[in-house]
Amino acid sequence: MLYYRVRLQLEAPLGTPLHSGTLFGHLCWARRFLEGEEALGRWLASLEQGEPFLLSSGLPAGMLPRPLLAPVRGAVEAKQVRKRQYLSLEDFLAMRGRLSARALAKVATDGPERLRLKSHRLAHNTIDRRLGTTPEEGGLYFVDELWPCAPPGEAVDWDVYVGASLSAGELAALFEAVGRLGYGRDATLGRGRFRVRVEPAPEGLFGAAGRRLLSLSHGSLTANMRRPRYRLEPHFGKLGPVAAAEAAANPFKYPLTLLRPGATFEPADAGPFGELLRGVHPTAAFVRHNAWHLAVAYDEQDEEG
């Protein structure tokens, strides 16, 4: 398996978060768009026959999700520290052999200077499809978008890590198609556009030894993930326009409950961890959801309060 870092330079707001399973769906449709339906079918079949496609959720450039570690007995972490979601790649590589909750509290970050995205809430009104009008009472709902907010002349970069048997050129073609066509909600209105640079993953990030693994993905919990620590996140997926038309105009997938990036566990075998989920849509049997984990190894240092 080859490991890459795909750097996305955002050129437009994001209407949909960069979740690993959603990114996978867009890459599938990019392959169908570029190579045809038969090529997509062959690729999906190869994934189920021992060639998993592992990818992370989107991460601020140069950052990794903060791993969930054993808490220090008797210690109470400040609320603002607990909410910090990331640590730098450099800090992780320097500390991976002796990670501890106390050490992470000193280096974890969530500063806007690193995220460079600002949330904007937009109001929408429900439309009665029979009458073509909005209701007199109720019907108002809100959606959030993430807008790039770097200083003038600076780029807003996010990283997606990938483990796959694809070449760098093949991977770049798929991501470039997604960035050109648009990712997520309101892509037809210009949302979700980005440029792409594919490069080898940073040296030493993957392939190192360690007793526990840190997930970079939104994935499922499987039996080979022992002593897990995780936070759950509901996922309400939708089909793309082409797939929805083929599925009798029903765009909604079944809700899923996934582990958020930052989950940690002891590997019971060589993996893969998580799974490629079937049966995620009421009528479209061809639809899959990538709930595999792309994970990096580390060791944890025991602490006393």
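Is Ser-100 buried or exposed at 4% relative accessibility? Ser-100 counts as buried, because its relative accessibility is 4% and buried means under 20% relative accessible area, with exposed over 50% and partly exposed in between (1.4 Å probe, protein chains only). The structure is a predicted model, in which local features need pLDDT of at least 70, side-chain atom pairs count only at pLDDT 80 or more, and totals for chains, interfaces and linings use all residues. Residues are numbered from 1 along each chain as its sequence is written, and side-chain values use heavy atoms, with hydrogens and water left out.

The protein has 8 helices and 17 strands. Helices (H or I, at least four residues) and strands (E, at least two) are DSSP runs, numbered from the N terminus. Of the 305 residues in the protein, 48% are buried. Contact means heavy atoms within 4.5 Å. Among contacts between residues at least 6 apart in sequence, 76% join residues at least 24 apart.

Ser-100 sits in the loop between helix H4 (89-95) and helix H5 (101-107). A polar atom of the Ser-100 side chain lies 3.2 Å from the backbone nitrogen of Ala-103. A polar contact is a pair of N or O atoms within 3.5 Å; within protein, one must be able to donate a hydrogen and the other to accept it, and residues adjacent in sequence count only if both atoms are side-chain atoms.

Ser-56 counts as buried because its relative accessibility is 0%. Ser-56 and Val-162 are 106 residues apart in sequence, yet their C-alpha atoms are 6.5 Å apart in space. Neighbours within four places in sequence aside, the contacts of Ser-56 are Ser-20, Leu-23, Asp-159, Val-160, Tyr-161, Leu-216, Ser-217 and Leu-294.

Two packed helices are described by the angle between their axes and the distance between the axes. Axes are lines fitted to C-alpha atoms, for helices over the stretch in contact, and angles run from 0 to 180 degrees between N-to-C directions. Angles under 35 degrees count as roughly parallel, over 145 as roughly antiparallel, 65 to 115 as roughly perpendicular and the rest as oblique.

The axes of helix H1 (residues 20-35) and helix H2 (residues 37-48) cross at roughly 140° and come within 7 Å. H1 is therefore oblique to H2. On the H1 side, the contact is made by Phe-24, Cys-28, Arg-31, Arg-32 and Glu-35. H2 contributes Glu-37, Ala-39, Leu-40, Trp-43, Leu-44 and Leu-47. By class, this contact of H1 with H2 has 7 nonpolar, no polar and 4 charged residues. Ala, Val, Leu, Ile, Met, Phe, Trp, Tyr, Cys and Pro count as nonpolar, Asp, Glu, Lys and Arg as charged, and the others, Gly among them, as polar.

H1 also meets helix H7 (residues 168-181), where the axes come within 9 Å and cross at roughly 100°. H1 and H7 are therefore roughly perpendicular to each other. H1 residues in this contact are His-26, Leu-27, Ala-30, Arg-31, Phe-33 and Leu-34. Those of H7 are Ala-173, Leu-174, Phe-175, Ala-177, Val-178, Arg-180 and Leu-181. The contact of H1 with H7 has 10 nonpolar, 1 polar and 2 charged residues.

Strands of a sheet pair through backbone hydrogen bonds, either parallel or antiparallel. Two strands pair if DSSP finds at least two bridges between them. An open sheet is formed by 4 strands in the order E11-E14-E10-E17, with antiparallel pairing. Strand E11 (225-229) and strand E17 (295-298) stand at the edges with a single partner strand each, so one side of each has no neighbour in the sheet. Neighbouring strands are turned by 30° against each other on average, direction ignored. Strand E10 (residues 212-215) and strand E14 (residues 264-267) pair over 2 bridges in the antiparallel sense. Here Leu-213 stands opposite Phe-265 in E14.

Strand E12 (residues 232-235) pairs with strand E13 (residues 256-259) in the antiparallel sense over 4 bridges. Glu-233 has Leu-258 as its bridge partner in E13. The covered face of E12 holds Glu-233 and His-235, and the uncovered one Leu-232 and Pro-234.

Glu-300 lies in the segment after E17. Glu-300 is buried, with a relative accessible area of 15%. The side chain of Glu-300 makes a polar contact with the side chain of Arg-229 (3.1 Å). A polar atom of the Glu-300 side chain also lies 2.9 Å from the backbone nitrogen of Ala-70.
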